[in-house]
Protein chains: 2
Amino acid sequence: MKYCAGIDIGGTTIKLGIIDEEGALISKWEIPTRKGENGLLFMKDIADELRKYVDEKEGMEMEDLLGAGMGIPGPVLPDGYVEVCVNLGVKDIYPAKLLSDLMGGIPVQVANDANVAALGEMWQGAGKGHDSICMVTLGTGVGGGIVNEGRIISGMHGAGAEIGHMRVDDEEKEMCNCGGHGCLEQYASATGIVRVAKRMLAHDTSESQMREVEELTAKDVCDLAKEGDPLALKSLSYSMDRLAFILSHIALATDPQVFVIGGGVSKAGTFLTDMIAEKLKSYQSIVDIERYDVTLATLGNNAGIYGAAKLVMPD
Amino acid sequence: MKYCAGIDIGGTTIKLGIIDEEGALISKWEIPTRKGENGLLFMKDIADELRKYVDEKEGMEMEDLLGAGMGIPGPVLPDGYVEVCVNLGVKDIYPAKLLSDLMGGIPVQVANDANVAALGEMWQGAGKGHDSICMVTLGTGVGGGIVNEGRIISGMHGAGAEIGHMRVDDEEKEMCNCGGHGCLEQYASATGIVRVAKRMLAHDTSESQMREVEELTAKDVCDLAKEGDPLALKSLSYSMDRLAFILSHIALATDPQVFVIGGGVSKAGTFLTDMIAEKLKSYQSIVDIERYDVTLATLGNNAGIYGAAKLVMPD
């Protein structure tokens with residue numbers, strides 16, 4: 001049996017996984033992200049961890065490790081160049097070349113972490129059986145990944161599928177973290193859902209259980225919407241309408257087979273994806289938008305490991 | 001020298017071109033589109049024309065023709081399947097297989113005509129030197145083509161880059177030809193530009209030279225905007241703002257190197273592309289949108305021939 005390593009590099013923790021040729025995750029573990037020396041420290045840690053794994057794994061030799069893929073939390077150019085990644089404290093590096101050199105020249109690939117998660121969901125998660133998907137991660141922010149015919153669309157400046165910062169409201173006065181205003185993230189992320197709900201509570205005097213909650217969270221809004229609280233439902237509907245608006249544009253840009261919804265907010269389940277699918281239908285046009293499935297991500301935090309491994313996994 | 005044929009199949013006319021390995025269009029001609037027998041008639045005509053060309057061309061043998069590419073005016077699936085193409089009166093066919101069989105098995109590829117035009121502009125036109133572009137054709141309708149890392153994004157339902165039918169105004173009451181409402185085409189196509197101008201004339205009582213024109217055209221609106229007619233300028237600005245809004249979404253979806261503007265409306269020249277670029281900047285977000293060039297298409301009606309040939313041209 002041959003294997004690939006999938007490595008999901010975050011600002012605090014690095015997740016490592018070993019995946020076999022059949023797509024099974026046979027081992028996974030985490031190490032802290034040791035910053036410094038422009039990424040060389042944590043790259044050395046990764047190389048050490050992988051070597052140690054192979055050494056200790058019975059019957060496994062270095063030549064059984066076909067390659068390693070990495071996801072990193074920042075823009076990656078199609079040739080693997082990373083101009084800057086603030087969360088990792090690196091700039092002007094080719095991370096894949098760095099790790100490959102440390103690992104005796106084995107094949108290494110790198111891509112943006114949200115893009116890599118989409119590839120993982122396509123391969124072994126909610127998009128299994130498809131080769132073109134769009135994944136949206138609704139967390140603190142809104143992340144995205146578009147895979148077309150099996151390949152990540154990284155974008156020529158590493159901005160592929162940066163859907164959280166697509167404009168959805170020209171009238172928005174509050175500023176997004178990115179410095180723009182009216183970005184999808186301001187409405188459909190966990191923080192965005194709360195922001196929309198609070199704004200609605202301030203402008204709508206009708207009753208709502210949301211008023212009773214001390215520190216309103218996206219989960220509260222989703223839970224109360226499920227329970228039929230009219231204002232929570234109205235608020236969440238608006239947030240998901242803004243998301244569906246963007247998905248309708250992606251449907252007519254890269255035309256994937258399926259939209260996969262992940263991230264903390266997606267714990268609201270099919271209640272949420274059904275709502276998004278219904279809103280998406282309302283943007284019906286020349287294209288029969290009803291044919292797009294909207295479905296829940298299934299790999300959770302492992303999506304990045306799967307996707308990273310897939311970057312180097314032979315077909 | 002080796003050659004590829006590029007064939008642009010329209011509802012009335014078929015344009016044929018022969019392009020050499022260096023990308024030079026060495027011959028082009030047209031034949032009428034003979035409909036019937038589910039596409040077999042015009043396919044036979046194409047095969048006959050190509051054979052005749054090779055026969056008559058001094059020093060050229062059939063083995064010098066490396067392949068033929070086709071653009072057709074309808075959705076094409078990634079595997080070349082065409083469910084239906086109303087303009088050509090065909091359904092449920094694999095056009096590439098059909099032509100290849102008629103040509104003794106030479107490689108044949110097919111894609112949507114707007115997508116193929118984008119590939120042509122990338123290869124030998126305004127996108128030369130790049131491998132990821134988005135082309136927008138502003139004609140009677142609004143067509144689009146997205147090329148990412150040298151490959152057309154056809155979309156899993158053949159709806160790749162159908163940007164003319166992306167929603168840009170939820171409040172629009174008039175219906176688009178597609179049955180939707182608020183589609184980009186209703187604002188930024190030649191007919192859309194006139195529609196917006198007429199609506200503005202009806203709701204704004206200020207003076208405008210546009211009122212003197214008997215049958216207002218998009219060219220009139222562009223010309224008068226250039227001359228500084230305030231209402232024409234306001235109207236065209238609005239149309240191009242809606243286009244730029246969509247381009248800002250594509251910038252954050254497939255993140256191309258350059259936006260190429262073609263079609264009849266693009267005859268307004270850099271006045272138009274400068275306006276689009278300026279509007280695009282106003283949708284600034286996390287991504288430094290200023291880095292996107294907006295430039296005029298250069299191949300005109302030949303873009304389809306170039307792009308079709310490129311489908312089968314070896315790298």
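What is the order of the strands in the open sheet of chain B, and what is its pairing?

A: This is a predicted model, in which local features need pLDDT of at least 70, side-chain atom pairs count only at pLDDT 80 or more, and totals for chains, interfaces and linings use all residues. Residues are numbered from 1 along each chain as its sequence is written, chains are lettered from A and ligands numbered from 1 in the order in which they are written, and side-chain values use heavy atoms, with hydrogens and water left out.

The open sheet of chain B has 5 strands in the order β3-β2-β1-β4-β7, and its pairing is mixed. Strands (E, at least two residues) and helices (H or I, at least four) are DSSP runs, numbered from the N terminus; two strands pair if DSSP finds at least two bridges between them. At the edges stand β3 (25-32) and β7 (108-112) of chain B, each with a single partner strand, so one side of each has no neighbour in the sheet. From one strand to the next the twist averages 20°.

Strands β1 (residues 3-9) and β4 (residues 65-72) of chain B run parallel and are joined by 6 bridges; B:A5 stands opposite B:A68 of β4(B).

Helix α3 (residues 113-124) of chain B packs on this sheet, touching β1, β2 (13-20), β4 and β7 of chain B, where contact means heavy atoms within 4.5 Å. The direction of α3 makes about 105° with that of β7(B). Axes are lines fitted to C-alpha atoms, for helices over the stretch in contact, and angles run from 0 to 180 degrees between N-to-C directions. Helix α9 (residues 303-312) of chain B lies across β1, β2, β3, β4 and β7 of chain B, at about 130° to β1(B).
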